Amino acid sequence: MPSPGSSRPVLTRALESPLVTSKSSTGIGRLIRDARMQRGLTHSQVAEALALEPSVLRDIEMGARSVDLDEIARIAAALQDPSLAPVGRTMHLRIKGPTTLSGSIDVRSSKNAAVALLCASLLNKGRTTLEGIARIEEVNRILEVLESIGVQVTWSADKSELELIRPETLDLASLDVEAARRTRSVIMFLGPLLHLLPEFRLPYAGGCDLGTRTVTPHLQALQFFGLNVKATDGWYNAAVRETDGGVRHITLTERGDTVTENVLMAAALYPGTTVIRNASPNYMVQDLCFFLEALGVTLEGIGSTTLTVTGAEEISADVRVAPSEDPIEAMSLITAAVVTKSELTVRRAPIEFLEIELAILGDMGLQYDLSQEYPAANGRTRLVDITVHPSTLRAAQDKIHPMPFPGLNIDNLPFFAVIAAEAEGRTLIHDWVYENRAIHLLELGKLGARTTLLDPHRLVVEGPTNWRSQEIVCPPALRPAVCLLLSSMAARGVTVLRDVYVINRGYEDLANRLNRLGADIQVFYD
Ligand SMILES: CC(=O)N[C@H]1[C@@H](OP(=O)(O)OP(=O)(O)OC[C@H]2O[C@@H](n3ccc(=O)[nH]c3=O)[C@H](O)[C@@H]2O)O[C@H](CO)[C@@H](O)[C@@H]1O
Ligand SMILES: C=C(OP(=O)(O)O)C(=O)O
């Protein structure tokens with residue numbers, strides 16, 4: 001796997017030479033100060049972690065003292081901020097267990113809505129402001145791609161807002177191919193670009209290594225908008241022909257999230273009506289619908305499997321939207337509480353997208369309370385605080401399997417392997433969707449879980465588990481990697497989890513946030 005810092009922004013560029021100039025020292029110092037302040041840490045707290053005098057850290061922040069690459073790596077580790085890490089260094093975690101967590105934690109906004117909104121910002125000639133976007137590697141990669149084609153990208157000083165302004169003409173020839181290949185989301189450029197360019201090419205989509213992931217439904221559906229794609233040598237070569245107006249009826253061959261988003265984006269700049277059947281009503285699709293509404297697109301059926309879209313010839317609006325909280329992060333944090341047998345409140349959980357998960361957990365014996373519902377910043381998504389109590393769990397009676405929304409979310413399925421490992425008895429987990437994700441979960445065996453793979457899609461987990469520490473390299477799949485991190489908090493001893501780029505792809509500052517709840521996780525680079 002490539003190193004996490006391969007497309008590292010400002011600091012890396014400033015540090016191309018270990019002989020840091022006084023000018024770049026000032027820039028580096030400012031980045032360190034910003035990262036420290038964003039984490040709410042004092043000079044003394046960070047200096048203590050680095051075994052430095054606070055005055056030395058102050059000098060570094062003011063640019064009065066230069067730092068070399070090793071020192072930068074230590075500071076990045078102390079601040080647990082991967083964006084500070086020098087290029088070529090790989091981030092790892094050292095987790096000391098067993099841990100009991102306590103307190104409460106807010107769920108951050110979702111990776112999957114963030115990437116959809118970033119791609120959709122290409123539709124808008126005006127200024128798009130996104131509030132509360134998670135600072136994760138997947139977002140960084142899409143931003144690198146957008147910047148490379150000419151989009152003006154500006155974070156506010158505290159990183160709570162992100163502003164995007166598209167140029168009149170996009171420079172696809174300069175597209176950052178390396179960044180694009182590291183995400184699945186770049187496929188969602190097809191929908192907006194087909195209105196902006198008569199011909200273009202995009203590199204094959206990446207993302208988690210979960211076995212073959214089809215893009216055929218995207219290509220079939222976008223043909224209705226005149227898009228014709230030939231895939232050769234790692235590239236989608238797209239040509240767009242004129243199409244007749246009128247009402248378009250598109251039935252998706254799969255109820256996929258990103259395919260629904262692609263068709264929505266294509267329909268948004270089509271000045272007629274498009275009816276999408278078998279659309280995904282999942283959380284990221286709903287966030288995209290709210291964004292399109294803010295852009296002036298008319299939508300009916302949000303949250304259902306039939307979406308009717310009336311698009312516009314041109315979109316030019318100054319808009320400000322906030323994507324909602326991530327149900328998958330909420331499920332990850334519930335799992336953290338379960339595996340460490342802790343009492344924990346997971347605040348700002350989008351309940352509509354967790355109901356089945358909670359019903360299954362309730363059947364397994366999990367004790368939890370829900371607060372009153374309250375609205376997310378978008379005014380639409382319903383949030384609750386979930387307090388999880390230490391509970392004695394039993395295996396689920398029936399197999400646990402995902403379904404397109406409204407079913408158990410496929411990205412939440414891996415967490416049930418960890419929870420099943422805590423429960424008394426045998427649980428069958430059936431991942432019919434992905435070819436490889438269940439295989440990656442076998443890594444839990446290294447931490448002591450008793451897992452048996454019946455075939456690539458069916459995993460039996462037998463609990464309860466006496467978790468033990470281990471040195472493990474992250475599998476190339478986000479959720480299984482996070483499952484290892486969460487389980488290692490319950491393991492006696494020190495677990496080393498190597499190369500956690502894949503976790504940083506979807507979770508902001510996870511180690512630090514778990515530490516605030518009582519975990520003992522250190523970041524280090526080599
Ligand atoms: C950026 C983003 O938003 N990524 C999410 C999105 O990926 P994405 O939308 O790319 O998901 P895929 O298109 O890969 O679909 C997932 C898998 O489900 C299969 N499938 C899907 C629907 C269906 O009705 N029948 C069917 O067989 C597909 O063939 C594929 O193998 O949705 C996935 C499934 O929720 C999530 O894991 C990803 O986190
Ligand atoms: C599979 C996932 O993401 P992606 O579609 O970005 O690979 C995920 O979020 O678990």
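Here is a short chat about a predicted model, its domains, its ligand shell and a few of its helices and strands.

Colleague: Which domains does the assignment give for the protein chain?
Modeller: Domain 1 is 10–87, domain 2 is 95–108 + 325–525, and domain 3 is 111–321. The centres of domain 1 and domain 3 are 37 Å apart, taken over C-alpha atoms.

Colleague: OK, ligand 1 then. How many residues surround it, and which are the closest?
Modeller: There are 16, and the closest are Asn112, Glu254, Arg255, Gly256 and Thr258. By class that shell splits into 5 nonpolar, 5 polar and 6 charged residues.

Colleague: Which domains does the shell draw on?
Modeller: Domain 2 and domain 3 each give at least three residues. As for helices, α6 (111–120) and α11 (257–268) each supply at least two.

Colleague: And what does α11 sit between?
Modeller: It's part of a right-handed β-α-β unit with β9 and β10. Those two strands pair in the parallel sense over 4 bridges, with Arg248 opposite Thr274 in β10.

Colleague: What else pairs with β10?
Modeller: β12 (residues 306–310) does, in the antiparallel sense over 5 bridges. Thr273 has Thr310 as its bridge partner there.

Colleague: Which residues are on the covered face of β10?
Modeller: Thr274 and Ile276; Thr273, Val275 and Arg277 are on the uncovered one.

Colleague: Switching to α13: buried or exposed?
Modeller: Buried, 13 of the 13 residues, so α13 is largely enclosed by the rest of the structure.

Colleague: What span should α13 have?
Modeller: At 1.5 Å a residue, its 13 residues should span 18 Å, and the end C-alpha atoms are 18 Å apart, so that agrees. After α13 comes Lys341, with a positive phi near 50 degrees.

Note on methods: Residues numbered from 1 in each chain as written. Chains lettered and ligands numbered in written order. Predicted model: local features only at pLDDT ≥ 70, side-chain atom pairs only at ≥ 80, totals over all residues. Domains from an automatic or database assignment. Near = placed C-beta within 6 Å. Nonpolar A, V, L, I, M, F, W, Y, C, P; charged D, E, K, R; others polar. Expected span 1.5 Å × (residues − 1). Buried ≥ 20, exposed ≤ 12 C-beta atoms within 10 Å, placed from the backbone. Pairing = 2+ DSSP bridges. Right-handed = clockwise from strand over helix to strand, strands pointing away.
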